[in-house]
Amino acid sequence: MEDLSQVVSEAKAALKAGDAMRAWSLLEAVMSDGWDDGEFLTLLGAACCMSGRCQDAIEVFQRGLEVAPSAQGHFNLGQAYQAAGNIEEAKVCYSRALALDPSYPHAVHALEALRPKDESL
């Protein structure tokens, strides 16, 4: 079995190159070793989301929040909900990210993008 840190590094490189399926394949092989590792779960959730497995990404990001709660974790979960078409739940997640870090720029921009445009202008 490969070292978890080596697999995580390879998966990061695959995601950076846009190869979510390769990242998923790498991470899947060591899933039992990484199930309690926040960085592993973040990468696995991203690989799921980028490869169209939104429900899997939601479950993985929820697990990630259990292991290591963070503004980034709530933002990531919001992204997965948004990709799955659940805009209201995405807004809740982005708001939770901002409750932990009021200046978290990704959550600020995500909420702004989901805010209805004023059509009366």
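The accessible surface of the protein chain amounts to about 6,900 Å², and carbon and sulfur atoms account for 51% of this area. The model is predicted: local features require pLDDT of at least 70, side-chain atom pairs count only at pLDDT 80 or more, and totals for chains, interfaces and linings use all residues. Residues are numbered from 1 along each chain as its sequence is written, and side-chain values rest on heavy atoms, with hydrogens and water left out.

The protein chain contains eight helices and zero strands, and its elements follow the order α-α-α-α-α-α-α-α from the N terminus. Helices (H or I, at least four residues) and strands (E, at least two) are DSSP runs, numbered from the N terminus. The C-alpha trace extends over about 60 × 25 × 20 Å along its principal axes.

Of the 121 residues, 39% count as buried. Buried denotes under 20% relative accessible area, exposed over 50%, and partly exposed the range in between (1.4 Å probe, protein chains only). Among contacts between residues at least 6 apart in sequence, 41% join residues at least 24 apart, a contact being defined by heavy atoms within 4.5 Å. The chain carries 9 positive and 18 negative side chains, and the centres of the two sets lie 5 Å apart. Lys and Arg count as positive and Asp and Glu as negative, whereas His and the chain ends are not counted; the place of a charge is NZ of Lys, CZ of Arg, CG of Asp or CD of Glu.

Beyond its neighbours within four places in sequence, Tyr-81 contacts Ile-58, Gln-62, Asn-86, Glu-89, Ala-90 and Cys-93. With Gln-62, the side chain of Tyr-81 forms a side-chain polar contact of 3.1 Å. A polar contact is a pair of N or O atoms within 3.5 Å; within protein, one must be able to donate a hydrogen and the other to accept it, and residues adjacent in sequence count only if both atoms are side-chain atoms. The C-alpha atoms of Tyr-81 and Val-92, eleven residues apart in sequence, are 9.9 Å apart in space.

His-74 also belongs to helix H6 and is buried, with a relative accessible area of 14%. Leaving aside neighbours within four places in sequence, His-74 is in contact with Leu-65, Cys-93, Arg-96, Ala-97 and Leu-100.

Leu-4 lies in helix H1 (residues 4-16). When residues up to four places away in sequence are not counted, Leu-4 touches Val-30, Asp-33, Gly-34, Asp-37 and Phe-40. Leu-4 and Phe-40 are 36 residues apart in sequence, with a C-alpha to C-alpha distance of 8.5 Å. In helix H5 (residues 54-67), Glu-59 counts as partly exposed, with a relative accessibility of 45%. A distance of 8.1 Å separates the C-alpha atoms of Glu-59 and Gly-45, which are 14 residues apart along the chain.

Terms used
Areas by Shrake-Rupley, 256 points an atom, 1.4 Å probe, with all protein chains shown as cover.
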